[in-house]
Amino acid sequence: MAGFVPPAATGVGLRKVRTLRRCAENGLCDRIRPIAESFASPLGLKVEQTLFENRKLSVFLGDGERKPTLEDCESLSKILDDTIADDESYDSLTGSNFSLIVSTAGIRDVLTQDFEFNVFKGFSIIITTSEEFKGKRELTGSLHGRDEKHVRLNKKGRIIKIPRRIVTSVELTEAKSEGD
């Protein structure tokens, strides 16, 4: 039976073309999306995407008037699970065993929350400042961490502490692929 899976902190890579075609072929997403939207819309949320692939039904909530919470994902998961379990007509679309995943559409590129600074430690970032710091307003390197007073950047093995009071944004950069 389906169950609740908490949102992934790092987002989800979506294989849109193949997955959307499969969803359209069996009609499951066409039936599930309106149910999910009827739950999300009054709460100020929007349904970004519904996917069914490899025996997984995934519903991704995105920002509408507000950001989705873990409780929103859990509530929608229960509603969809109950709907599918109570209606035998879904059996021909899902098969006997499948996973139901309700999650957020993914994390933004701009880091703002403490947990994001922990999750993305070691990732390439760009720090933008409100005033020059060591002659620059943009600093690049690997995220080393954040505390009450500083955002720490690893620049070629050297840790640079940038005062939080002048940091206007910390943004993930595109990862380089092998061979770059």
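The model is predicted: local features need pLDDT of at least 70, side-chain atom pairs count only at pLDDT 80 or more, and totals for chains, interfaces and linings use all residues. Residues are numbered from 1 along each chain as its sequence is written, and side-chain values use heavy atoms, with hydrogens and water left out. The chain holds 5 helices and 8 strands; helices (H or I, at least four residues) and strands (E, at least two) are DSSP runs, numbered from the N terminus.

**Overall make-up**

- Along the sequence, the elements follow the pattern α-α-β-β-α-α-β-α-β-β-β-β-β.
- Of the chain's 180 residues, 37% count as buried; buried means under 20% relative accessible area, exposed over 50%, and partly exposed in between (1.4 Å probe, protein chains only).
- The accessible surface of the chain is about 10800 Å², and 48% of that surface belongs to carbon and sulfur atoms. Accessible areas come from the Shrake-Rupley method with a 1.4 Å probe, and for residues only the protein chains shown count as cover.
- Among contacts between residues at least 6 apart in sequence, 56% join residues at least 24 apart; contact means heavy atoms within 4.5 Å.

- An open sheet is formed by 3 strands in the order 1-2-3, with mixed pairing. Its edge strands are strand 1 and strand 3, each of which pairs on one side only. Two strands pair if DSSP finds at least two bridges between them.
- Neighbouring strands of this sheet are turned by 15° against each other on average, direction ignored. Axes are lines fitted to C-alpha atoms, for helices over the stretch in contact, and angles run from 0 to 180 degrees between N-to-C directions.
- Strand 1 (residues 45-53) and strand 2 run antiparallel and are joined by 8 bridges. In strand 2, S58 is the bridge partner of L51, and V59 is that of T50.
- The hairpin of strand 1 and strand 2 has 2 residues between the strands, and N54 there takes a positive phi near 50°.
- V59 has V102 as its bridge partner in strand 3.
- Strand 2 (residues 56-63) is mostly covered, with 6 of its 8 residues buried.

**Helices 2 and 3**

- The axes of helix 2 (residues 28-40) and helix 3 (residues 70-86) come within 10 Å and cross at roughly 140°. Helix 2 is therefore oblique to helix 3, where angles under 35 degrees count as roughly parallel, over 145 as roughly antiparallel, 65 to 115 as roughly perpendicular and the rest as oblique.
- Helix 2 passes helix 3 in a right-handed crossing. A crossing is left-handed if the near helix is turned anticlockwise from the far one by less than a right angle, and right-handed if clockwise.
- At this contact, I32, I35, A36 and F39 of helix 2 meet D72, S75, L76, I79, L80, T83 and I84 of helix 3.
- Helix 3 lies across strand 1, strand 2 and strand 3, and runs at about 150° to strand 3.
- E74 is found in helix 3 and is partly exposed, with a relative accessible area of 43%. E74 and I101 are 27 residues apart in sequence and 9.5 Å apart in space, C-alpha to C-alpha.

- A second open sheet is made of 5 strands in the order 7-6-5-4-8, and the pairing is antiparallel. The edge strands are strand 7 and strand 8 (167-172), and each pairs on one side only.
- Neighbouring strands of this sheet are turned by 45° against each other on average, direction ignored.
- Strand 5 and strand 6 pair in the antiparallel sense over 4 bridges. L143 stands opposite L153 in strand 6.

**Loop residues with positive phi**

- K134 is found in the loop between strand 4 (124-133) and strand 5 (136-146). K134 is not a glycine, yet has a positive phi of about 55°. The residue is exposed, with a relative accessible area of 57%.
- K156 sits in the loop between strand 6 (150-155) and strand 7 (158-163). K156 also has a positive phi of about 55° although it is not a glycine. Its relative accessible area is 84%, so K156 counts as exposed.
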